[in-house]
Amino acid sequence: MAITMNEKKVYRASTTAPVNIAVIKYWGKRDATLNLPTNSSLSVTLSQSDLRTHTTATCSPSYSPPDTLLLNAAPQPLSDARSQACLSSLRSLRASLERANPALPPLSTYPLRLSSSNNFPTAAGLASSAAGFAALVRAIADLYALPHSPTDLSLIARQGSGSACRSLLGGYVAWDQGTLASGTDSTARLVAPRAHWPDMRALILVVSAEKKGVSSTAGMQNTVRTSPLFQTRAEAVVPKAMRAMEFAIQERDFEAFAKITMRESNSFHATCLDTEPPIFYLNDVSRAAIKGVEAVNEKA
């Protein structure tokens, strides 16, 4: 059997995606299948020179099914519903381009080989899934030459990891809760670019490189189901904090920004403690760091 050059060709695209740290946290889903949140959230994007995920996506008619993923050189399954939702959506967009232009190579039909690496601890509280799915979606979108905007792609990344939608824009990014059952209005929105507040700095203290004892997905499901504080937080506390935080960012008011961030963190952890069984994301080092910051602020 003759094999042509086109049958051997490998198509490739690589990208990086940043970590984002939520200052107003997303916690709880109103639709678990579409990853629709019970409250809006807002994050600060960290510099990729320090924390990032690097992902390479390739496809070829010479590859054998199924799609595969290497994370930090270790094979990872892609059969879960969240990964499949992202891959299916991206393939559908590419297939639409191919139908409109039959001259395009049918990349949507080729198996994918994905390789991803983090330069920071995975599943240790540094939003590795957010950076990971943002990089995965962006790399495949580039591979497929999709013309869609980062906001459009945030709808897809959100299905993989809710917070991933915020890692596609950079700067100060809100993820709007939305109200539509379809989720089409639950997208990432740029509040301000990085250049708006160039002297803002983030200090990351890794208190443990171990995986969290309770995953975010499992934790928020338990909170929604068992916490009496949850509804008040979602309906009253977070909307007020979102308005105040967006104003603080626009005004570059660091004192207000810091106070809202710390109060929001306390609210989030109080809701976790109100969950049955309680969720402990803080450890002794975390609490010591909080006390240290409070002591510095008292003397400032």
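How many bridges join β2 to strand β5, and in which sense do the two strands run? The answer opens this report on a predicted model.

## The β2–β5 pair

Strands β2 and β5 run antiparallel and are joined by four bridges. Strand β2 covers residues 20–24, and β5 covers residues 41–45. Strand β2 is mostly covered, with four of its five residues buried.

Is glutamate 264 buried or exposed? Its relative accessible area is 2%, below the 20% limit, so glutamate 264 counts as buried.

## The five-stranded sheet

An open sheet is formed by five strands in the order β1-β6-β9-β7-β8, and its pairing is mixed. Strands β1 (11–18) and β8 (74–76) lie at the edges, each pairing on one side only. From one strand to the next, the twist averages 20°.

Strand β6 comprises residues 52–59. On one side, β6 pairs with β1 in the antiparallel sense over eight bridges; β6 is also joined to β9 (residues 112–118) by seven bridges, again antiparallel. Threonine 53 shows both pairings: alanine 17 stands opposite threonine 53 in β6, and threonine 53 in turn stands opposite asparagine 118 in β9. The next residue listed here, histidine 54, has serine 117 of β9 as its bridge partner. In a regular strand the side chains alternate between the two faces of the sheet. Strand β6 is largely enclosed by the rest of the structure, because six of its eight residues are buried.

Helix α3, residues 128–143, packs on this sheet and touches β1, β6 and β9. The direction of α3 makes about 150° with that of β1.

## Cysteines

How many disulfides are counted in the model? The count comes to zero. A disulfide is a covalent bond between the sulfur atoms of two cysteines. For cysteine 165, the closest cysteine sulfur belongs to cysteine 86 and lies 11 Å away; the limit is 2.5 Å, so this distance is too far for a bond. For cysteine 272, the closest cysteine sulfur is that of cysteine 165, at 19 Å, which is likewise too far for a bond.

Both of these residues are enclosed in the model. Cysteine 165 has 0% relative accessibility and therefore counts as buried. Cysteine 272 is also buried, with a relative accessible area of 0%.

## Aromatic rings and charges

Across the whole structure, a search finds eight aromatic pairs. Which residues do ring pairs link into a cluster? The cluster consists of Tyr172, Trp197, Phe254 and Phe257.

Charged side chains are also placed over tyrosine rings. The charged end of arginine 113 sits over the ring of tyrosine 63, at 4.8 Å from its centre. Lysine 212 lies over the face of tyrosine 281, 5.8 Å from the ring centre.

## Backbone features in loops

Cis peptide bonds occur at two prolines described here. One joins proline 65 and proline 66, with omega about 0°; proline 66 lies in the loop between β6 and β7 (68–71). Another runs from glutamate 276 to proline 277, with omega near -10°. Proline 277 is found in the loop between α7 and α8 (284–299).

Positive phi values are found in residues other than glycine. Asparagine 72, in the loop between β7 and β8, has phi near 50°. Its relative accessible area of 37% makes asparagine 72 partly exposed. Alanine 145 has phi near 55° and is placed in the loop between α3 and α4 (150–160). Is alanine 145 buried or exposed? With a relative accessible area of 53%, over the 50% limit, alanine 145 counts as exposed.

Note on methods:
Residues numbered from 1 in each chain as written. Predicted model: local features only at pLDDT ≥ 70, side-chain atom pairs only at ≥ 80, totals over all residues. Heavy atoms only, no water. Pairing = 2+ DSSP bridges. Axes fitted to C-alpha atoms, helices over the stretch in contact; angles between N-to-C directions. Contact = heavy atoms within 4.5 Å. Buried < 20%, exposed > 50% of the residue type's maximum accessible area, 1.4 Å probe, protein only. Phe/Tyr/Trp six-rings, centres within 6.5 Å; stacked < 30°, edge-to-face > 60°. Lys NZ or Arg CZ within 6 Å of the ring centre and 35° of its normal.
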